[in-house]
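Hi,

Here is the structure I promised to pass on to you. Please open it beside this email, so that you can look up each residue as you read.

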Amino acid sequence: ETRLRHTEFVFPVVVGTCAFYLGKKATETQSHKWYLYLRGLNNEDIGHIVKKAVFNLHPTFPNPQREVTAPPFEIEEHGWGEFEVNVVLHFADDSQEQPIEIYHKLKLYDEADPNNPSAKKPVLNEQYEELIFSEPVQSFFNRVTNY
Ligand code: SLL
């Protein structure tokens with residue numbers, strides 16, 4: 001299938017984590033509840049472009065490779081420590097694009113106030129990414145730009 005030369009399609013997304021200290025319910029291994037997600041920049045649908053997100057967690061988690069095959073591309077977990085998450089994105093079949101990898105840090109502590117884990121505020125860490133499809137396949141390009 002034809003690839004469009006000199007053409008680029010850019011799709012902005014956000015990879016994020018949001019963590020909540022469990023306070024009185026905190027235990028040694030589960031001090032926080034957290035969410036990890038991939039979303040469109042303005043919360044728009046991304047399911048027409050991304051078909052699967054694989055979230056590779058720290059090996060201390062049971063079944064650390066978490067696959068989400070439909071939106072919302074999000075997982076919820078409990079844990080005790082910060083680590084770097086590896087996120088692999090798989091694109092719609094008609095894109096004929098290879099998966100890409102993004103690294104993102106799960107933050108549990110607010111560095112402005114590191115000694116106060118009991119702070120009631122959730123700790124948010126979001127990262128802007130641009131998915132860049134250069135010389136995209138024509139049918140994919142037409143489909144996503146007319147979406
Ligand atoms: C380190 N950054 O370098 C840390 C690793 C791993 C956190 C943090 C597991 C939770 C569970 C969990 O929170 N791991 O046991 O279910 O040592």
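Below is what was found in it, from the overall layout down to single residues.

First, two notes on how to read everything. This is a predicted model, in which local features need pLDDT of at least 70 and side-chain atom pairs count only at pLDDT 80 or more, while totals for chains, interfaces and linings use all residues. Residues are numbered from 1 along each chain as its sequence is written.

**The overall layout**

The protein has 1 helix and 8 strands. Both words have a set meaning here: helices (H or I, at least four residues) and strands (E, at least two) are DSSP runs, numbered from the N terminus. Read from the N terminus, the order of elements is β-β-β-β-β-β-β-β-α. The C-alpha atoms fill a box of roughly 60 × 30 × 20 Å, taken along the principal axes.

Of the 147 residues in the protein, 19% are buried. A residue counts as buried if 20 or more other C-beta atoms lie within 10 Å of its own, as exposed if 12 or fewer do, and as partly exposed in between, with C-beta atoms placed from the backbone. Two residues are in contact if their C-beta atoms, placed from the backbone, lie within 7 Å. Among the contacts with a separation of 6 or more, 65% are between residues 24 or more positions apart.

Strand 1 (residues 8–21) is joined to strand 2 by 9 bridges in the antiparallel sense. If you look for Thr 17, you will find Leu 36 as its bridge partner in strand 2. Strand 2 also pairs with strand 5, again antiparallel, over 7 bridges.

Another 4 strands form an open sheet in the order 4-3-6-7, and the pairing is antiparallel. Here the edges are strand 4 (65–68) and strand 7 (100–106), each of which pairs on one side only. Direction ignored, neighbouring strands of this sheet are turned by 25 degrees against each other on average.

Strand 3 (residues 50–56) is joined to strand 4 by 4 bridges, and to strand 6 (residues 83–91) by 6 bridges. Asn 86 in turn stands opposite Tyr 103 in strand 7, and 7 bridges join strand 6 to strand 7.

Is His 32 buried or exposed? It is buried, because 22 other C-beta atoms lie within 10 Å. His 32 belongs to strand 2 and stands opposite Gly 79 in strand 5. Not counting residues up to four places away in sequence, His 32 touches Ala 19, Phe 20, Tyr 21, Leu 22, His 78, Gly 79 and Leu 108.

Lys 33 also has its place in strand 2 (residues 32–40). Lys 33 is partly exposed, because it has 18 other C-beta atoms within 10 Å. Leaving aside neighbours within four places in sequence, Lys 33 is in contact with Phe 20, Leu 22 and His 78. Lys 33 and Gly 81 are 48 residues apart in sequence, and their C-alpha atoms are 11 Å apart in space.

**Around the ligand**

Which residues are around the ligand? They are Thr 29, His 58, Thr 60, Phe 61, Gly 79, Trp 80, Gly 81, Glu 82 and Phe 83, where being near means that the C-beta atom, placed from the backbone, lies within 6 Å. This shell divides into 3 nonpolar, 5 polar and 1 charged. In that count, Ala, Val, Leu, Ile, Met, Phe, Trp, Tyr, Cys and Pro are nonpolar, Asp, Glu, Lys and Arg are charged, and the others, Gly among them, are polar.

Definitions and conventions: Pairing = 2+ DSSP bridges. Axes fitted to C-alpha atoms, helices over the stretch in contact; angles between N-to-C directions.
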